[in-house]
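Subject: Structure handover

Hello,

Here is the structure you were expecting, with the sequence alongside. My notes on it follow below.

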Amino acid sequence: MSDQPNANRRKFLRQASAAVAAIPVISMAGMSTAKADNPKAEDGHRHDYVNNAADAAGHEDYSEGEKCKNCAFWGGGDSEWGQCFHADFQGVQVNAAGWCDEYVGA
């Protein structure tokens, strides 16, 4: 009996595993990044967005301490302005101290 069928199966499984593992990396590469040339979102951009979370204090969905910087959609790192991965904020930068009604705790 030949070991060739098992070798082909192992090779296929390795390649399939590598392809599946690469899917998240490839999809993230296609997302737009927050670049300096992207405009900054202004108050009222979408979803009741404000550049300063303190201005959202009267909003029924706002809770103390919620800011773009600690939202699950935040992708801007430690800078003052950065990327939001929410679809409605693609192509603009949001303020780390900002807030919108799509906030999701990270």
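To begin with one histidine: leaving aside residues up to four places away in sequence, His86 touches His47, Phe73 and Glu102. His86 lies in the loop that runs between β1 (81-83) and β2 (93-95). Its relative accessibility is 13%, so His86 counts as buried.

Please keep in mind that this is a predicted model. The average pLDDT over the protein is 82, and 76% of the residues score at least 70. Among the elements, β2 has the highest mean pLDDT, 94, while helix α1 (residues 4-29) has the lowest, 67. Where pLDDT is low, the predicted coordinates should not be read in detail.

Next, the cysteines. How many disulfides does the count come to? With sulfur pairs required to be within 2.5 Å, the count is 0. Cys84 is in no disulfide, and the nearest cysteine sulfur to it, that of Cys100, is 6.1 Å away.

Are Cys84 and Cys100 buried or exposed? Cys84 has a relative accessibility of 10% and therefore counts as buried. Cys100 counts as buried because its relative accessibility is 10%. The cut-off for buried is under 20%.

Regards

Definitions and conventions
Residues are numbered from 1 along each chain as its sequence is written. This is a predicted model: local features need pLDDT of at least 70, side-chain atom pairs count only at pLDDT 80 or more; totals for chains, interfaces and linings use all residues. Side-chain values use heavy atoms; hydrogens and water are left out. Helices (H or I, at least four residues) and strands (E, at least two) are DSSP runs, numbered from the N terminus. Buried means under 20% relative accessible area, exposed over 50%, partly exposed in between (1.4 Å probe, protein chains only). Contact means heavy atoms within 4.5 Å. pLDDT is the predictor's confidence in each residue, from 0 to 100.
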